[in-house]
Amino acid sequence: MAAIYSLYIINKSGGLIFYKDYGLQGRMDTNDTLRLASLWHSMHAISQQLSPVSGCTGIELLEADTFDLHCFQSLTGTKFFVVSEPGTQHMDNLLKHIYELYTDYVLKNPFYEMEMPIRCELFDINLAQAIQKDRVAYLGR
Amino acid sequence: MQFFGSSEISPSIPVPTASGNNGHMIYIFNRNGVCLLYREWNRPLRTLDSNQDHKLMFGLLFSLKSLTAKMDPSSAEKGNLGVPQLPGQGCSFHSFRTNTYKLSFMESPSGIKIILVTHPKSSDLRESLKYIYNLYVEYVVKNPLYTPGTPIKSDLFNTTLDQYVRGLG
C-alpha cells in the first residue's frame, strides 16, 4: 500500500501542469485530472472568502473518508497537492521538498516556459527519488 | 438513534471540559440547500451578505463532495465528475483545515448538512456533530409546531446549541 496516491501541481490560474499517479487504481483520465485541478483551484479560493477571520490562505488539509489531501501554495500561487492515505503525517515536509525540486529543476530550466505543463527529465528523476524515500520512511515506521 | 447508534440520545448538556470558546459559526442546511440555521459566535470578518454567504458555503460543500467522490482512490469506477450524489453515496469528507479555521462537516442520511467552523487546532469533531444532530432531532424535528424545510426558530435549541459549542475543547 502506498502512502501517497497521487501528486498534482497547478499553476496560478488553475491549470494542471503536472500530474503523477502512484496508486493501484491506475491513471485517471486526463480530462478528469484537469477538471479536478481547476475545481480544487476554485474551492481553494472560495474557502478563503468564507474564513471567519482575516488572513486566510486557503485549504491546507482536506480529510475525506478514504484519503487525505494536503495542499501547499507557494508565494507565487502555484499549488502543490498530494492525495495520501488517511492519517499520513509529515506531508507538508514532502510538499516543501517537492517545491524545492520544482524551483531547482523546473524553474531553473532555461527551456521551461512559465505556467506550461512540466516536462523536465531531471525533475521526474528527483521526484521519483523523493517519493521513494518517503515511502521507505513510511514503511519503516 | 438508528443511524448513529454509538452516540448519546438524551440531549442533556455535557459538562464543559475546557473553557475554550473555539466555535466561530454553525450552518445547518437541508437537502435542497435551504439554510435552516445559521449562528455565529465569533466572526470578525464578513465578506458577503448573509444570503450570499450561505449560498457560497452550500456550493463549496457540494463541489468538494463531488471532488472527493471523483478523487476517491479506493474504487476505480466513480462515474463522471459532478454527477449528483445521494447522501451517503460516494466518498465524502468530514473536515478541512486552513490556516485560520477548521470546518467540520456531517451529512445525515436524510440530507441534513451540519457545518461547524472552529479554531484550526480543534480536534476531530465528528462525534460533536453527531451530538448536534441529535439535538436537532430532539428539539426541532420532534417539535410539532416546526414545519420541515423552514428556518429553525427555536430558542430552546439555540440556547442548548450555544451552551454545547461553548463547551467544546
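Reply: In this predicted model, A:I59 stands opposite B:T98, a residue of β3(B).

Me: What makes β3 of chain A and β3(B) a pair of strands?

Reply: Two strands count as paired if DSSP finds at least two bridges between them, and strand β3 of chain A, residues 59–64, is joined to β3(B) by five bridges in the antiparallel sense; the term therefore applies to these two strands.

Me: Why is the link between A:E60 and B:R97 called a salt bridge?

Reply: The cut-off is 4 Å between a side-chain nitrogen of Lys or Arg and a carboxyl oxygen of Asp or Glu, and the closest N and O atoms of A:E60 and B:R97 are 3.1 Å apart, so the pair qualifies. The count between chain B and chain A is two salt bridges, alongside 13 residue pairs in polar contact, both residues being at pLDDT 80 or more.

Me: Which elements of chain B supply the side that touches chain A?

Reply: At least two residues each come from β1 (23–29), α1 (50–71) and β3 (93–98) of chain B, and α1(B) gives the largest share, 11 residues. By class, this side of chain B has 18 nonpolar, 14 polar and six charged residues.

Me: How much area do chain B and chain A bury between them, and on which atoms?

Reply: The two chains bury about 3300 Å² between them, with 68% of it on carbon and sulfur atoms. Of the area that chain B buries against chain A, 19% is supplied by B:M71, B:P73 and B:R97, more than by any other three residues.

Conventions
Residues are numbered from 1 along each chain as its sequence is written. Chains are lettered from A and ligands numbered from 1 in the order in which they are written. This is a predicted model: local features need pLDDT of at least 70, side-chain atom pairs count only at pLDDT 80 or more; totals for chains, interfaces and linings use all residues. Side-chain values use heavy atoms; hydrogens and water are left out. Buried area is the accessible area (1.4 Å probe) that two parts lose on being put together, summed over both. A polar contact is a pair of N or O atoms within 3.5 Å; within protein, one must be able to donate a hydrogen and the other to accept it, and residues adjacent in sequence count only if both atoms are side-chain atoms. Helices (H or I, at least four residues) and strands (E, at least two) are DSSP runs, numbered from the N terminus. Ala, Val, Leu, Ile, Met, Phe, Trp, Tyr, Cys and Pro count as nonpolar, Asp, Glu, Lys and Arg as charged, and the others, Gly among them, as polar.
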